[in-house]
Amino acid sequence: MMVPHSPLSLGALEKYSTKLLWLVLLLAAFLRFWHLGIIDHAYFDEVNIPQFGYAMLNGLRETPFITVHPPLPHYLFAGAIALYYQLPWVDGHASVAWSAIDPLSYRWLTALLGVSCCWFSAAIVKRLTGSGLMAVLAAFFVATDAVLVVDARAALNNIIMLAFGLASIWAFVKANDNDSGAYQWRWLVFSGALIGSTVAIKWNGLAFWLVPLALVFVHVLRFGVDQLRPVVGVQGLRYSGPSAMQVVVFLVFVPSLVYWLWWQPYLWLEGHWDFLEIHQRMRAFHTLEVGADDHPYCSAWYQWPYQGRPMSYLFAPIAGTQDVSVIHLLGNPVLYISSFLAVLLATGIWLRQCCQWLVSGVLAPSFWFLSLTCLGFWANFLPWVLVRRCLFSYHYEPASVFAFIALAWSFLSVGRLTLTSKLTRHAMTAVSLLLLLMIVIAWLYWLPLALGLPISLDGFYQRMWFSRWI
């Protein structure tokens, strides 16, 4: 896709970036797998989503198969359960009653995909910027975000969609040959297949289709404008977009075909609906059957960046103690607010770069990185403004990853782009380190609410700073 610009490094730390990334991935795995079975029963939407996979695995046609989301997660959970019970140290079998199924049999899948989200985020950043340290910082934010930890530890479809969506962006980025500027067909087709799979998990995965589409549009717009003037002295990145045939294949044909194919086993098992009828049924549910305030944890899209209305997945007293088991979908407020501000800053700088290009025909070195980051965030955030049904804070997860990438970029780059005074840059570095320390402290403070570990009632309510958080 885009040729990386010169690495933005911090000297000695940059050469250790690969080792630091491995440490971050180990941290991500620890947070997602440690005591993964501490809640020994299905909770929240686990009572529905993995159970579809269990029913398919065991051929339980009498189980109601009407779903409000596409079916790919059902196949994945069926495979996860089947694979788990093949392990030599696991007792039992996948055909026992659903109530006797070990929750680890389906949670391990989302925990693993949650770790992959960290890797894909880092790989995208490294590919576009050349900075290993920036990639590590972005992966750290994804690894430690409590919302992403909670959803990775529960067998839900949110993290599955995010992992496939980030993988599609990574494949699109990797499709570009940095030496020739041409796009490689195999990576574009792979990206298109991942896009179709993302939409086959949840319909809001279409936002990951909008990102490459928007980037192609930016390239076409740039090419069209530059044809109207002599291009002289271009010092920025030269971006040669995919051909028209490639765009049609990887953004239209392949995603559509893959999406249709993922539905076929489900429709055969369900046996009562055809492809169009099931989509009409799903659309009716999302537009007519779910009102704007049908759930106590409904939230407005503008509340998500500051965590105005988080939600509870589990709140259960522990017998014989004064403690409770809590799983609360509450993002780190310091991380969320600062990352949203970073997106606004990045968007402002990107728009300024657009204006500079219009005037001079010169692209800034960070233009394509900022294009993907900003367009990735707004494509996953702004469409929710148009939705009138009940929304939840987990709908912000895809956008939040791009916000975390923007925050990592702002920590390491914004001073170099906007400040000329050495003393001011040092002051900005100090502020960035202080903010990073605050993010880490806040993460540790609210971490018990993400892991389902026993916590006292006082400890829980001390962390509920606002009544809307409960």
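Trainee: Which residues is Leu-375 in contact with, leaving aside its neighbours within four places in sequence?
Mentor: Val-211, Ala-214, Leu-215, Val-218, Trp-350 and Leu-370. Contact means heavy atoms within 4.5 Å. This is a predicted model, where local features need pLDDT of at least 70 and side-chain atom pairs count only at pLDDT 80 or more, while totals for chains, interfaces and linings use all residues. Residues are numbered from 1 along each chain as its sequence is written, and side-chain values use heavy atoms, with hydrogens and water left out.

Trainee: How far apart are Leu-375 and Ala-214 in sequence and in space?
Mentor: They are 161 residues apart in sequence. C-alpha to C-alpha, the distance is 7.2 Å.

Trainee: What makes Leu-375 buried?
Mentor: Its relative accessible area is 17%. Buried means under 20%, exposed over 50%, partly exposed in between (1.4 Å probe, protein chains only). At 17%, Leu-375 is therefore buried.

Trainee: Where does Leu-375 lie?
Mentor: In helix α13, residues 367–381. Helices (H or I, at least four residues) and strands (E, at least two) are DSSP runs, numbered from the N terminus. The protein has 17 helices and three strands.

Trainee: Why is α13 called mostly covered?
Mentor: Of its 15 residues, 14 are buried. In the protein, buried residues make up 56% of the 470 residues.

Trainee: How do you know that the span of helix α9 agrees with what it should be?
Mentor: Helix α9 has 20 residues, 207–226. The expected span is 1.5 Å times one less than the number of residues. That gives 28 Å for α9, and its end C-alpha atoms are 28 Å apart, so the two agree. For α13, the reach from first C-alpha to last is 21 Å, close to the expected 21 Å.

Trainee: Which residues of α9 are buried?
Mentor: Among them are Val-211, Leu-215 and Val-218. Those three also contact Leu-375.

Trainee: What makes α7 roughly parallel to α9?
Mentor: Helix α7 (residues 157–174) and α9 pack at about 20 degrees, with their axes 9 Å apart. Axes are lines fitted to C-alpha atoms, for helices over the stretch in contact, and angles run from 0 to 180 degrees between N-to-C directions. Under 35 degrees counts as roughly parallel, over 145 as roughly antiparallel, 65 to 115 as roughly perpendicular and the rest as oblique. At this angle, α7 is therefore roughly parallel to α9. On the α9 side, Phe-208, Val-211, Pro-212 and Leu-215 make the contact. The α7 side includes Met-161, Gly-165 and Phe-172.

Trainee: Is the crossing of α7 and α9 left-handed or right-handed?
Mentor: Right-handed. A crossing is left-handed if the near helix is turned anticlockwise from the far one by less than a right angle, and right-handed if clockwise.

Trainee: Why are α1 and α6 called oblique to each other?
Mentor: Helix α1 (residues 17–33) and helix α6 (residues 146–153) pack at about 55 degrees, with their axes 8 Å apart. That angle therefore counts as oblique. Leu-31, Arg-32 and Phe-33 of α1 meet Leu-148, Val-149, Ala-152 and Arg-153 of α6.

Trainee: How do you know that a disulfide joins Cys-298 to Cys-390?
Mentor: The S to S distance is 1.8 Å. A disulfide is a pair of cysteine sulfur atoms within 2.5 Å, so the pair qualifies. The angle about the S-S bond is -115 degrees, and the link is left-handed. Cys-298 lies in the loop between α11 (275–289) and β1 (311–317), and Cys-390 in the loop between α13 and α14 (397–418), so the pair ties together parts 92 residues apart in sequence.

Trainee: Is His-35 buried or partly exposed?
Mentor: Its relative accessibility is 41%, so His-35 counts as partly exposed. Its phi is near 50 degrees, a positive value in a residue other than glycine.

Trainee: Does Gln-307 count as buried or exposed?
Mentor: Buried, at 2% relative accessibility. Phi of Gln-307 is also positive, near 55 degrees. Gln-307 sits in the loop between α11 and β1.
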